[in-house]
Amino acid sequence: MAARRFISPLWSCLAFTLAFGLSTLVLPVTTVQAEAGNAERGKLIYARRCALCHGEEGDGAGPGAERLNPPPRDFTEGQYKFKTTGFDDIVPNDADLFRMIRDGMPGTAMPGWGDMLSDQDIRDVIAFIKTFAGLEEEKPTIQVDYGRQVPSSPESIAKGRALFHEGDRCAECHGAEGRGDAIKKLKDDGGARTWPRNLTKPWTFRASNDPKDIFTRITVGIPGTQMPSFADPKSKKRLTIEERWHVANYVASLAKTDKVPRPENTVVKVMKVEGALPTAPDDPAWEKLPSTTFLLLPQLIAKTRFFTPSNDTITVRAAYNDTALAILLEWDDRTRSIPGDPKAEEIADPGMGEDMVAIQFPVAVPKGMKKPYFGMGDGAHPVNLWQWRSGTADKPQSVALANARGFARIESRDPASAGLTARGRYDKGRWRVVFTRPLAASSPDKDITFQTGQFIPIAFAAWDGSNGETGSKHTMTTWYWFLLEPDTGLRPLVSALIVAFLFGAAELWWARSAGARKPEGEA
Amino acid sequence: MMGRLLSRIPALLRAALVVVGIYLAATAIFSGLLGQPIPASLMTMYMFFVIVGVFMAFTFTEEGARAMAAPIRALVENPALRPVRNIVFLLVPLAAGAFTYTKMLPSLEAPVELRTIHPAPPSTFKAYGKRYDLLTLENPFRKYEKEDPERFRALVAEGGKIYIRNCQFCHGDKLNGRGPFAPALNPVPLNFQDVGTIAQLQESYLFWRIATGGPGLPEEAAPWISSMPVWQNFLKEDEIWKVILFLYDYTGHRPRAWEK
């Protein structure tokens with residue numbers, strides 16, 4: 001079993017499971033094949049642990065299935081996405097199934113069961129789920145040929161990069177920057193919507209981003225989806241074993257580790273800049289400012305709820321000067337949603353809306369602990385909502401301002417009256433939107449006033465218009481903090497010098513007065 | 001013998017050794033043996049009193065005070081120690097300056113938010129347009145566990161379906177509080193497998209928490225940050241009771257009951 005090379009905090013629970021598994025298992029691959037599972041016992045475990053999603057009949061249509069994307073596996077087809085047998089051999093290795101059950105699949109509702117089921121339990125479940133497709137007697141005949149692994153190196157990555165882009169081999173679906181910005185609508189064999197993996201977010205890889213696992217995916221493809229095998233001799237885009245290692249090394253190198261959400265990062269640090277603020281989304285000045293990335297989750301507290309998001313993180317940078325502040329929001333979105341645009345309509349789900357993003361602040365910065373309710377405030381504690389909308393075929397992008405006291409009490413206001421602006425730009429699977437506003441509120445009873453050194457609650461929301469996200473169907477965060485770093489100027493330095501000088505002077509005086517006296521005993 | 005040895009150590013060093021010894025012992029006992037580290041701010045306060053106490057004990061007599069001061073006086077007055085003195089005299093102002101500088105910089109640590117996880121429940125609460133009395137409220141389906149086990153199994157199974165369609169997103173397939181969206185939440189979803197959650201609570205308490213959700217929490221539990229939905233907006237009353245049956249059945253915990 002290849003150890004996971006990259007483990008985000010998002011999957012720390014999984015990491016624990018894996019570490020536990022690695023420390024207690026002696027070569028799972030061999031033990032899996034050595035001991036047969038008991039399908040009768042597996043049936044009991046399945047009914048208790050698996051049937052709610054995968055269905056009592058194993059058809060992937062359990063009561064939980066309807067609200068899950070990706071949908072739970074349909075075992076009656078006997079087709080598995082993540083396996084290490086050849087692309088033309090439908091039968092998976094037991095070790096492939098074992099690993100998926102024990103470790104789970106990041107980015108899906110499938111958890112790792114290694115902390116709840118014993119190895120024997122898992123083998124029993126495998127024996128049982130194979131009966132749904134009559135696979136119990138089948139043995140895989142073709143295994144993936146790994147040849148000799150090419151270790152990652154700048155040369156290998158450069159070769160991989162060229163192969164990735166050559167004839168749009170991989171970039172066609174995974175995008176020029178690897179963000180999975182599809183140029184066509186992808187579906188699996190069952191008709192369910194599928195999204196090409198965003199290769200810059202390795203914590204969403206279903207079976208790890210270890211180059212060996214990536215090699216396996218490139219070689220086998222993902223059966224039942226439009227991810228093909230690049231080992232298939234019939235394919236015009238086929239690659240040799242060595243070439244596949246180069247591509248695997250390149251893909252592994254795309255991980256954007258600076259955009260991993262970390263639970264300890266709860267504060268957006270807003271830096272003071274001299275002179276003009278960066279207001280263009282692609283101003284290089286943004287890169288010099290610290291960024292904080294937050295996880296997004298679908299809206300589940302107000303009607304209508306939303307269960308199948310496509311956006312999963314948002315990255316924030318911010319700066320202020322003497323009079324105003326600017327906030328850059330950056331998030332990967334596979335589709336630019338332009339209602340009324342034929343090409344965008346082709347990729348989108350029916351009823352496409354604009355892509356949108358919003359920032360929420362309390363109108364009054366709380367003095368104590370008590371904040372407005374994180375879901376659009378409450379009767380006694382209103383919030384400011386700043387929303388940017390991407391525009392349609394006949395309408396340019398726009399900014400909106402509203403005050404809310406709960407989901408049902410929303411008052412739309414003129415953004416110009418508060419000096420609020422927003423500008424966005426879409427590039428290769430990523431939106432970047434800059435909001436600006438003066439630090440002082442033009443109407444202090446309705447708008448937040450920004451003061452340095454204050455911890456101000458802040459929350460975010462995002463809409464992927466091509467994923468059916470409109471109105472209350474969107475992704476969001478809970479409250480985090482927004483802090484304009486106080487400009488302390490030279491005060492700390494000057495104070496430190498004064499203290500050091502006073503200490504030094506006192507010592508000198510002491511030493512001189514001691515020198516004037518004769519040391520004791522010599523007198 | 002021991003006393004003789006001790007008296008050969010200079011008084012100042014002895015005092016320093018006592019202070020360090022107390023610090024190490026406290027750390028070893030609380031962090032090591034008891035597994036409950038003392039917060040840094042509390043430790044600073046304790047050590048302040050320890051240092052003052054030790055200083056007072058060592059300077060209680062005039063002789064003691066002179067013994068304490070002797071090495072410091074020697075450092076300043078003994079010409080042989082002049083190189084050491086110069087180094088100490090350079091380091092002390094530098095340390096004082098550095099300390100002042102770091103203290104003057106503003107703290108950028110996020111404020112700590114303390115909240116009660118299982119707040120005391122009210123005696124009555126309103127949901128579904130009526131008032132419930134938490135003292136007498138019982139799960140109407142619990143009796144079937146004994147009276148009609150087959151019907152009870154069917155009710156648990158229905159609870160499971162409701163759970164997987166509504167609750168697993170945060171509380172997880174395994175009821176361990178680690179659903180697919182849990183990492184995006186703070187406070188984190190409750191882990192029902194843990195012996196410190198539903199095993200300590202009555203079914204009526206769970207009904208109150210589920211029906212009124214985050215906004216129904218009392219002030220000390222910070223209702224404004226809890227992302228628990230107000231389930232009376234999404235589930236029927238008997239659906240909540242069925243989910244509660246499922247929570248206890250899947251985890252193997254028993255609900256707490258009034259002493260009879």
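The C-alpha centres of domain 1 and domain 2 of chain B lie 55 Å apart in this predicted model. Domain 1 covers residues 7-104 of chain B and domain 2 covers residues 124-251, the bounds being taken from an automatic or database domain assignment. Residues are numbered from 1 along each chain as its sequence is written, and chains are lettered from A, with ligands numbered from 1, in the order in which they are written. Local features need a pLDDT of at least 70 and side-chain atom pairs count only at pLDDT 80 or more, whereas totals for chains, interfaces and linings use all residues.

Chain A contains 12 helices and 16 strands, assigned as DSSP runs (helices, H or I, at least four residues; strands, E, at least two) and numbered from the N terminus. Its C-alpha trace spans about 95 × 85 × 50 Å along the principal axes. Of the 523 residues in chain A, 44% are buried, that is, 20 or more other C-beta atoms lie within 10 Å of their own, with C-beta atoms placed from the backbone (12 or fewer denotes exposed, and values in between partly exposed). Residues 24 or more positions apart account for 65% of the chain A contacts with a separation of 6 or more; a contact requires C-beta atoms, placed from the backbone, to lie within 7 Å.

The average pLDDT of chain A, the predictor's confidence in each residue on a scale from 0 to 100, is 90, and 92% of the residues score at least 70. Over residues 13-34 of chain A the pLDDT stays under 50, and the model has 30 contacts beyond four places in sequence for this stretch. Residues 519-523 of chain A also have a pLDDT below 50, with 3 contacts beyond near neighbours in sequence. Where pLDDT is low, the predicted coordinates should not be read in detail.

Between the chains, 42 residues of chain B are in contact with 52 residues of chain A. On the chain B side, α4 (62-77), α5 (82-104), α7 (149-166) and α8 (168-171) each supply at least two residues, and α5(B) gives the most, with 10 residues. This side divides into 26 nonpolar, 9 polar and 7 charged residues (nonpolar: Ala, Val, Leu, Ile, Met, Phe, Trp, Tyr, Cys and Pro; charged: Asp, Glu, Lys and Arg; polar: the others, Gly among them).

Beyond four places in sequence, A:Phe435 touches A:Ile327, A:Ile359, A:Trp386, A:Trp388, A:Leu420 and A:Ala422.

In chain B, B:Asn166 lies in helix α7 and is buried, with 21 other C-beta atoms within 10 Å. Leaving aside neighbours within four places in sequence, B:Asn166 is in contact with B:Phe234 and B:Leu235. The C-alpha atoms of B:Asn166 and B:Leu235 are 9.2 Å apart, although 69 residues separate the two in sequence. Helix α9 of chain B (residues 203-212) is mostly covered, with 9 of its 10 residues buried, among them B:Phe207, B:Trp208 and B:Arg209. Their cover includes β1 (124-127) and α10 of chain B. Just after α9(B), B:Gly213 takes a positive phi of about 60°.

Notes:
Two residues are in contact if their C-beta atoms, placed from the backbone, lie within 7 Å.
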